Amino acid sequence: MSATHRMWIAALGSFALLAGAYAFQAMGYAPCKMCLWQRWPHVVAIVAGIVAVLWSNRFVALTGAIAMLTTAAIGVYHSGVERGWWEGPTSCSGGQSLGGLSGADLLSTDVMDRIVMCDEIAWSFAGLSMASWNAVFSVLLAAIWLSAFRRLQRSA
């Protein structure tokens, strides 16, 4: 399989993960701040896959791999926060400061709908949360991007 095909497969994998995230959101699982952070590297990988059609080179493959390793790292960090292994951002974890909220926000019943805590697991399957699954699949996609990089390196 060519390096370009590998990059396309990896980019489609990112597209599938991103589409899945939006599907869960449409089903009522609102994303927390760290969930949103995990989405951006997938966008970068999708763009890299599109660029690979016109300009398939090692830089594009490396960009996709770095994007996937970035979202995997955020997913591992997020999973650790969910499991209480370490502290998460104060803006979306149990130690959240209310200093950023106005008096009206504190009295409003709507504000609770807008705050999604990063240290709570909204959904899990086989003992892994969405953040954990993102980390697992992103590592696999990084491996595909790196295999494309190696193939391009050998042909150079």
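Predicted model: local features only at pLDDT ≥ 70, side-chain atom pairs only at ≥ 80, totals over all residues.
**Entry 1: the overall layout**

I began with the protein chain as a whole. I counted six helices and two strands. I then wrote down their order from the N terminus, which is α-α-α-α-α-β-β-α. I also looked up how much of the chain is buried. Of the 156 residues in the protein chain, buried ones make up 37%.

**Entry 2: helix α3 against helix α6**

Next I looked up how α3 (residues 58–82) packs with α6 (residues 130–155). The angle between them is about 160°, and their axes are 8 Å apart. That makes α3 roughly antiparallel to α6, because an angle over 145 degrees counts as such. I noted the handedness too: α3 passes α6 in a left-handed crossing.

**Entry 3: Gly 64**

I stayed with α3 and picked out Gly 64, which is found in that helix. Is Gly 64 buried or exposed? I found a relative accessible area of 0% for Gly 64, so I noted this residue as buried; the cut-off for that word is under 20%. I then checked Gly 64 against Leu 141. The two are 77 residues apart in sequence, yet their C-alpha atoms are 8.7 Å apart in space.

**Entry 4: helix α2 against helix α6**

I turned to a second pair that includes α6. Here α2 and α6 pack at an angle of about 25°, and their axes are 12 Å apart. That makes α2 roughly parallel to α6, because the limit for that term is under 35 degrees. The crossing of α2 past α6 is left-handed.

**Entry 5: the nonpolar patch**

Last, I looked at the surface. I found a nonpolar patch there with about 1200 Å² of accessible area together. Its members include Trp 8, Leu 12 and Phe 15, and also Trp 40, Val 43 and Val 47. Which helix gives the most to the nonpolar patch? I found that α2 does, with six residues. Both α1 (3–26) and α2 (33–54) supply at least two residues each.

Val 51 is found in helix α2. Its relative accessible area is 31%, so I wrote Val 51 down as partly exposed. A patch residue needs over 30% relative accessible area, so a value of 31% passes that cut-off.

Note on methods
Residues numbered from 1 in each chain as written. Heavy atoms only, no water. Patch = residues over 30% accessible without salt bridge, like charges linked within 9 Å, V, L, I, M, F, W, Y side chains within 5 Å. Areas by Shrake-Rupley, 256 points an atom, 1.4 Å probe, with all protein chains shown as cover. Salt bridge = Lys/Arg side-chain N within 4 Å of Asp/Glu carboxyl O. Helix = DSSP H or I, 4+ residues; strand = E, 2+ residues; numbered from the N terminus. Buried < 20%, exposed > 50% of the residue type's maximum accessible area, 1.4 Å probe, protein only. Axes fitted to C-alpha atoms, helices over the stretch in contact; angles between N-to-C directions. Parallel < 35°, antiparallel > 145°, perpendicular 65-115°, else oblique. Left-handed = near helix turned anticlockwise from the far one by under 90°.
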